[in-house]
Amino acid sequence: MMNYRVSYVVNGKPVTLDVQPHETLLSVLRERLGLTGTKEGCGTGECGACMVILDGRTVNACLVLAADCSGADILTVEGLAPDARKLHPLQESFVQHGAVQCGFCTPGALMSAKSLLDRNPNPDREEVKTALSGNLCRCTGYKKILDAVDAVAKKAVVPSSEGERAIGRSIRRSDSLEHVRGVSRFGADITRPKMAYGKILRSAHAHARIRSIDTSRAERFEGVLAVVTGHEISQGYFGVDIKDRQVFATEKVRYRGDAVAAVAAVDEEIAAKALDLIEVEYEPLEAVLGVHEALAPGAPVIHESLHEYEASFEAEKEGNICTIANVKVGDLEKGFAESDVTLEETFTTQIQHQASIETHAAMAEVDVHGRITVWSTTQKPFAMRRYLSQSLKIPISAIRVIATKVGGGFGGKLELIVEPYAVVLARKCGRPVQITYSRDEEFLSTTPRHQTRFWVKSGVKKDGTLVARHVKLVFDTGAYSGNGPTAVTLACQLVGGLYRIPNLLIEGFCVYTNKMNCGSMRGPAAPQTTFALESHTDTLAKAIGMDPLDFRLKNLLEKGEKTGVGQPLVDIDYKKVVSETAEAIGWGKIRKEENVGKGMACVFWLSGGWSTSATVKINEDGTVTLLTGAVDMGTGYLYTSVPQIVAEELGVRPEDVQLVQGDTDQVTYDHGTGGSRGAHTVGKVAQMAASRAREELFKEAAKKLKVDVTALGTQNGWVYVKENPKERASFAELSYDRHIKEGGPVIGTAHLLPEMDEIDPTRVKGLSFTAFKGVTIGCHAALVEINPKTGQVEIKKYVAGHDVGRAINPRAVEGQIEGGVSMGLGFALTEELRIGEKGEVENPGFHDYKLPTSLDVPETEPLIFEVPAQCGPHGAKGLGEPTMAPPAAVIGNAIYDAIGVRMHRTPMRPEDIYREIQRCKALKSST
Amino acid sequence: MVRNYSIREYFQPETLREASELLRLYPEGARLLGGGTDLLNRLPQRSEQGIKIVSLKRISELRGIRQDKAGDVFIGAMTSHADVAGSPVLRQEFPALAKASSLVGSPSIRNLGTIGGNIVNASPSAETAPPLLVYGARAVVWSPRGEKQTPVEEFITGPSRTVLRRGEILKGFVLEKARNLKARYEKLGTRKAQEIAIVNVCVSLNAEKSSKLSEIRIALGAVAPKPYRARGAEAHLGVERITGDRITEAGRIAMSEASPISDLRASADYRREMIAVLVEKLITSLMTEQEASGK
């Protein structure tokens, strides 16, 4: 291979080095110059994570050959603020405005913003949006990024986050400084001495028997360090609800992403070539690519051993169905007989992918004792340790999992994905092994949102009273059960969560097909259920000539009533959230214009659950350390709300709370970040631990100040006597005294297994778990304009109301809402993972898997409601997930209002809307 | 991630002659590198003989936007979309072309991608093709034997195919001053950025002539194996006074002239029907503007 000498000026400093002809500027910056602030999200110039400024212009560093830009002046995020003590105004503004969530797209967005302001110091909002339209952000919904750039251009005053109390104010997230400087260590940024590179060979068929695997040629290839298949290692089954999956397929492949073998080599190129040398002989079987085919009599069976699999609940299974769940209330037939109008509709939804801008990555290293350390982009380090143990039959004690910074999770990083391959390769070759998924691998073989089909029939009286409802819902879970049983269970809980339905029957099915395994994406089952049921709500309202808002207000459940599964509702006020959101969009006051319509939709959600624990230490200088097994997948709760809760409990500043987290060797158990349980459940246990640490402080202070502990209070790092505040002792001296006099430390620990809520066992059958307690509602409303000639939708206004119980950090709450709406609009309008006739993914890249850009997302107006939950810290409820559920139904209902056309399938692309308009026209003219 | 390990050598010639010689020397493996936005995503992952990249970056003959005294404009093939979109001359004289370039991909893709690459790739949906066709642009083809000019419509012969023969290089485009030619461009996609067109349309009206006999040109992209002029529709409008009915009819004719395919982005039917919608919309808006300026 030839080398080419190149010279650049990088961040003001001259650099000369020899590069190979295939190397990109991105790989040189990251791998040769150690400038890992520039990220890789796709490698094809579509995500913008690798944006740098080259000779004054932004470029995607992945599309520039290193040899081709010799002589260039290059600025990366590391060069934005040459003085390490100061931030560039844009960096400062990003931090202050909450423009940073996971931080993975942040460096690229900063470079685009910098380049814009260099050329145009006074851009208008549209110019800012355009400048950032090449930077995909999956977390923020762009609004706060735009605000941050605007503020620098206008030299606006930084919004204040001052306040008396630690909670209820918008402090900046404590790790955002690392993110804006580009020094955060994400999965692919972890390196180890002598590390090797792993790659995975995946099935060439959707469904086939493996006749033989010959790895001998690959093993002999120079530079190959290890080749592993399932035949040579001891494998256990793993799975969230049903253990039906193994790390390597040995006898049968069940989808085109199934792993058959893995290779470690001295570099990625050799690993890739070695994959070509592995010979696998398949006996193709008939593939089952849809639920219709899977449920047909005589359909090929995907899991022959279905009934032998271990399950965490009493799963009813048959054929290709891995879960049958039922909810039954009242007498359905009687209910329909009493109804004035009955109406049935069928809705279908697509596969949506989490599409975090950071792909999955893992590094595994084995020490001389055989103990394994795994650095992983996981949302669940403790569960990851258990999954690795189960699937590879390694004792839990021999595994340490360290969570890296997560560049967006959205539920995609909950399960065992890339980690076991790094582990088996590292064990075999004796060197650390790193595997980073490419963007197409991400789309081929990770765990996206279930494709679903909802058949709904409802009966209603003329006065608008809902009397009966029958729902059949089918979730296509792909080749393995994954999170399917849980998603079906959630759907069953959500269907009856909003409205009073005296006669209800829900039949839920989770079905195997030969596609990728579907998992937990932000609010599993929520956008699908909300799209179907809330679209149906408006169809019903129209059928009886009632305003959709009035129809909702008439049927919404109230405090003290029970949901369909029999969960009692406390701490809720649905009507307030719905009526005030409607008021914010101007419901009832909007003048009817041609092709313009309004729509609303509500989401019922439950959060919390699963075990967690925390420790709070008071350090000898009076600062506080919180140790937690939880990680932050990008939402920021662990860097905002949780320290705020701890600070509030103790009477210190939130910035005095430091974190130790995400390392299974250093902290105690947490179930994992998912189910919107961050601020709600992790926040609660942190509050409990802080409260115990305060008790310890008080014991020490009571001795010192010679008063009873009940006479004490805390403020600003001091314990004082309430009646005489001049009598006081600092946290620092109390902590140090305890060490010197009695043997420290001043510490509080707590554990929490949140109580599950009661449901009515006579109503349900086959659910994988009962209900979480943290019940909440969201209501979104929009004003949209349709171009009936093209089917294009223009969102003119979007309002999103959520009951968060208590906004511990209002800006973080807004960020969740704005980002959730963006993701929900992607589900509604543009995103769809498409599977071809042979089970292949047809669009495994960002050019045709279409994430909304900064020019596509409307500027959501968040509305925050605070109806406190007894089970949450300071009343806080979970928020992350429900934010993305309503948009599809909102847009569908607004289209219906505007032009009378009801959309029954997501995504609603312009062509789909246009087609439906044409179909309705044809129907009309034929009748 | 995507790594082009198949690239084995890199050359940086300074003249078209040197570049051309490299193409002749390595008939199998040589690939001309412009902005790289398409090329680097399309290279084969495996290549026996190895890919040899011939960068056009240092060749000054391929750069710049120049207007001569007659008002004709030369655009070098290596001119980036950002420079096309931002050029005062092009914005003044050929605004539909500047608009088309301003809608390519995203800002950084416009900084990298070039107008020459856009046409040489010969994608049916190439953004700049419809305006270049409407403005009657000619492609300047350099070969060791000399230069020749070919209308852009003839330069592209099919998907990923052009008239270029071994050793020939697209040097740029010549656009004759478009006196009184008013043009509009529109691109239909699912998103507002980072889109490959479902349909793209450029329509022009020769405003010099009386409104009795107007000359309309219609160029379409993404609806046939290559971008093309909808001559049947043009002819229908070119014979007598343009009325609303005639515009609608022209849209229908343009539709019937197309031969779109169905793919992930849209069905053939939708593409065809959108031609009529966009053609009608752009002609109507040009006519309205002309009538307003005539009053």
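# Briefing on chains A and B

The secondary structure of chain B comes to twelve helices and 14 strands, in what is a predicted model. Chain B meets chain A in a contact that takes 37 residues from chain B and 48 residues from chain A. Chain A itself is divided into four parts, namely domain 1 (4-79), domain 2 (193-285 + 358-407 + 413-445), domain 3 (455-608 + 759-922) and domain 4 (612-752). The points below take up chain B, the contact, and then selected elements of chain A.

**Chain B as a whole**

- The domain assignment of chain B gives domain 1 (7-55), domain 2 (60-175) and domain 3 (181-290), and the C-alpha centres of domain 1 of chain B and domain 3 of chain B are separated by 37 Å.
- Taken along the principal axes, the C-alpha atoms of chain B fill a box of roughly 60 × 45 × 30 Å.
- The radius of gyration of chain B is 20 Å, which agrees with the value near 19 Å that a compact globule would have with 295 residues.
- Of the 295 residues of chain B, 55% count as buried.
- Among the contacts in chain B with a separation of 6 or more, 64% are accounted for by residues 24 or more positions apart.

**The side of chain B that touches chain A**

- In the contact, which draws 37 residues from chain B and 48 residues from chain A, the elements of chain B that give two or more residues to its side are β1 (7-11), α2 (39-42), β3 (51-55), α6 (107-112) and α12 (268-294).
- The largest share of this side of chain B comes from α6(B), with five residues.
- Sorted by class, the side of chain B that touches chain A has 19 nonpolar, eleven polar and seven charged residues.

**Covered elements of chain A**

- The C-alpha centres of domain 1 of chain A and domain 2 of chain A lie 30 Å apart.
- Helix α5 (residues 143-153) of chain A is mostly covered, with ten of its eleven residues buried; among them are A:Ile145, A:Leu146, A:Val149 and A:Val152, together with A:Lys143, A:Lys144 and A:Asp147.
- The elements that cover the buried residues of α5(A) include α2 (89-97), α3 (106-119), α4 (125-131) and α21 (810-830) of chain A.
- Just after α5(A), A:Lys155 takes a positive phi of about 50°.
- Strand β21 (residues 596-607) of chain A is likewise mostly covered, as eleven of its twelve residues are buried.
- β21(A) is joined by twelve bridges to strand β30 (residues 774-787) of chain A, and the two run antiparallel; within this pairing, the bridge partner of A:Trp605 in β30(A) is A:Thr776.

**The four-stranded sheet of chain A**

- Four strands of chain A form an open sheet in the order β24-β23-β22-β28, with mixed pairing.
- The edge strands of this sheet are β24 (657-661) and β28 (746-752) of chain A, each of which pairs on one side only, and the twist averages 20° from one strand to the next.
- Strand β22 (residues 612-618) and strand β23 (residues 624-628) of chain A run antiparallel and are joined by five bridges, with A:Thr615 standing opposite A:Leu627 in β23(A).
- Helix α18 (residues 641-650) of chain A packs on the sheet, touching β22, β23 and β24 of chain A, and its direction makes about 130° with that of β23(A).
- Helix α19 (residues 678-705) of chain A also packs on the sheet, touching β22, β23 and β28 of chain A, and its direction makes about 150° with that of β28(A).

- Three strands of chain A form an open sheet in the order β25-β26-β27, with antiparallel pairing.
- β25 (712-715) and β27 (724-730) of chain A stand at the edges with a single partner strand each, so one side of each is left without a neighbour in the sheet.
- Neighbouring strands of this sheet are turned by 35° against each other on average, direction ignored.
- Four bridges link β25(A) to strand β26 (residues 718-721) of chain A, where A:Trp718 is the bridge partner of A:Gln715.
- Helix α20 (residues 731-742) of chain A lies across β26 and β27 of chain A and runs at about 50° to β27(A).
- A:Ala732 has its place in helix α20 of chain A and counts as partly exposed because it has 16 C-beta neighbours inside 10 Å.
- Leaving aside residues up to four places away in sequence, A:Ala732 touches A:Glu620, A:Asp621 and A:Gly622, whereas 27 Å separate the C-alpha atoms of A:Ala732 and A:Ala630, which are 102 residues apart along the chain.

Technical notes: Residues are numbered from 1 along each chain as its sequence is written. Chains are lettered from A and ligands numbered from 1 in the order in which they are written. This is a predicted model: local features need pLDDT of at least 70, side-chain atom pairs count only at pLDDT 80 or more; totals for chains, interfaces and linings use all residues. Two residues are in contact if their C-beta atoms, placed from the backbone, lie within 7 Å. Ala, Val, Leu, Ile, Met, Phe, Trp, Tyr, Cys and Pro count as nonpolar, Asp, Glu, Lys and Arg as charged, and the others, Gly among them, as polar. Domain bounds come from an automatic or database domain assignment. A residue is buried if 20 or more other C-beta atoms lie within 10 Å of its own, exposed if 12 or fewer, and partly exposed in between; C-beta atoms are placed from the backbone. Two strands pair if DSSP finds at least two bridges between them. The radius of gyration is taken over C-alpha atoms; the globule rule is 2.2 Å times the number of residues to the power 0.38. Axes are lines fitted to C-alpha atoms, for helices over the stretch in contact, and angles run from 0 to 180 degrees between N-to-C directions.
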